[in-house]
Amino acid sequence: MLYTSTRDRSVKVSSAQAIAQGISADGGLFVPESIPQISMEEIVRLASADYVTRAKEILSLYLTDFTDEELDYCVNGAYASGRFSSEKVAPLAEIEPNVHLLELWKGPTCAFKDMALQLLPYLMTVSAKKTADGKTIVILVATSGDTGKAALEGFKDVKDTKILVFYPEDGVSPMQKLQMMTQEGDNVGVCAIRGNFDDAQSGVKRIFSDRAIAEKLAAHNMMFSSANSINWGRLVPQIVYYISAYCDMIADGSITPGAPVNVAVPTGNFGNILAAYYARKMGLPINKLICASNANNVLTDFLTTGVYDRNRTFHATISPSMDILISSNLERLLYDMTDGDDRAVAGYMEQLNTVGRYTVVPEVFAKISALFCAGCCDDAQTKQTIHQVFESDEYLCDTHTAVAVKVYKDYCARTGDQTDTIIASTANPFKFSAAVLEAVGGGLAAGFSEFDVVRQLSVVTGEQIPAPLADLEQRSVRFTDVCDKENMAQAVFQMLGIEG
């Protein structure tokens, strides 16, 4: 299988090159030339398999230039290493009839990004051996909170790599910030920026596309790649867990093979829900894809009107990983919905860059609206949902998962649809302890430290504090640098020890 660019269909690269490079030289995102298929008979067979086996089989359909031995090395290293606290890796929890929470936060950083970022370092090192000619790969990351820590943890001390993370100084939770500031590893660098996530993401994209910077790195035998979901190696592992969830539902008798399901996803950068879309294209019987946003509802507006407009107020919310106004992975959906019209996609992206707004043609919007439903909720509604789910279902969910639950319930009330639904549960609630504690009525005392709040949340709810978060209290802060968004390139050189 070969991969092309969303902005230039003449590009043809292998999966290894797409992963090692991260983003196409034209600024487009790599996409497979075709989507492989999986039959219901194959899904039924995988229902009796473990997560590692499912991942190997599904990934082999996309990574056709990887040998069986290489895939074994990658998948076993990521998922069979005891790094996940559940043997199922991504287990399901039923909170009410027909509603299944897909718990994607059992990994070492307690967020769904671990599902891909425990695997990506293995994919990256194998890809680099095939394509990078012995260069050190510099992983450059912009994060709204969870990606940064998951990438740092995945790539720490991985040979022939360096990882540099930028995050918005005031745009992540205290726990997310602590996770990054205390990160261990000799090949890691972390820097806050004065701005929001979109500023960080735009800055990273500019650095990627700056030829002079690339040449300077090349002079030091280095090359850039990405661990954000713009990298196909980040996105393709996410397809696996939707198929795996359906397999588990067959195995536990929740559904009969072939029965339709809906999928609801809290999303900001559109990667997590795009993975479900690709799973549907492969043959998974998904009926509706329900896109859930917080107060930064640019995706809700787009999916209900066909107009994407980032020219709006940016809100700092209690679900900060979704505080995004430029949803990068939407570009991949547009490429697919336009039947691979690279010129149209490039035009939309140019409009987004220059005027902050574009409108898709009616034919494309009709295709999108036939499949996607969308909704949003504010912080007050998010807290109310956390409270209601905890009281009625005895389940404690985080601020992002609660957004998806609220939007899903609104969808059901509006449509009457009672189809079995998989809701992506994206983070452990202790990562956002202050908001969750307030939601369940635990109160906040003046002067509480972050770990006081965490302990209080545990007392009030009876839930155990995850060890990776509890251990942070004893770690020393390593990274305190802050830069202006205009100076991110200089910060990269500084973290790499290169003169700017």
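In this predicted model, Cys74 is buried, its relative accessible area being 0%. Cys247 likewise counts as buried, with a relative accessibility of 0%. With a disulfide taken as a pair of cysteine sulfur atoms within 2.5 Å, the count of disulfides comes to 0.

Burial also marks helix α14, which spans residues 330-337: because 7 of its 8 residues are buried, the helix is largely enclosed by the rest of the structure. The buried positions of α14 are Leu330, Glu331, Arg332, Leu333, Leu334, Tyr335 and Met337, a list that includes the charged residues Glu331 and Arg332. Just after α14, the chain reaches Asp339, which takes a positive phi of about 60 degrees.

In general, a pair of packed helices is characterised by the angle between the axes and by the distance separating them. Helix α9, formed by residues 197-208, packs against helix α22, formed by residues 488-496, at an angle of about 70 degrees and with the axes 9 Å apart. Since an angle of 65 to 115 degrees counts as roughly perpendicular, α9 is therefore roughly perpendicular to α22. The crossing of α9 and α22 is right-handed. On the α9 side, the contact is made by Asp199, Ala200, Gly203, Val204 and Ile207, which meet Met488, Ala489 and Val492 of α22.

Technical notes:
Residues are numbered from 1 along each chain as its sequence is written. This is a predicted model: local features need pLDDT of at least 70, side-chain atom pairs count only at pLDDT 80 or more; totals for chains, interfaces and linings use all residues. Side-chain values use heavy atoms; hydrogens and water are left out. Buried means under 20% relative accessible area, exposed over 50%, partly exposed in between (1.4 Å probe, protein chains only). Helices (H or I, at least four residues) and strands (E, at least two) are DSSP runs, numbered from the N terminus. Axes are lines fitted to C-alpha atoms, for helices over the stretch in contact, and angles run from 0 to 180 degrees between N-to-C directions. Angles under 35 degrees count as roughly parallel, over 145 as roughly antiparallel, 65 to 115 as roughly perpendicular and the rest as oblique. A crossing is left-handed if the near helix is turned anticlockwise from the far one by less than a right angle, and right-handed if clockwise. Contact means heavy atoms within 4.5 Å.
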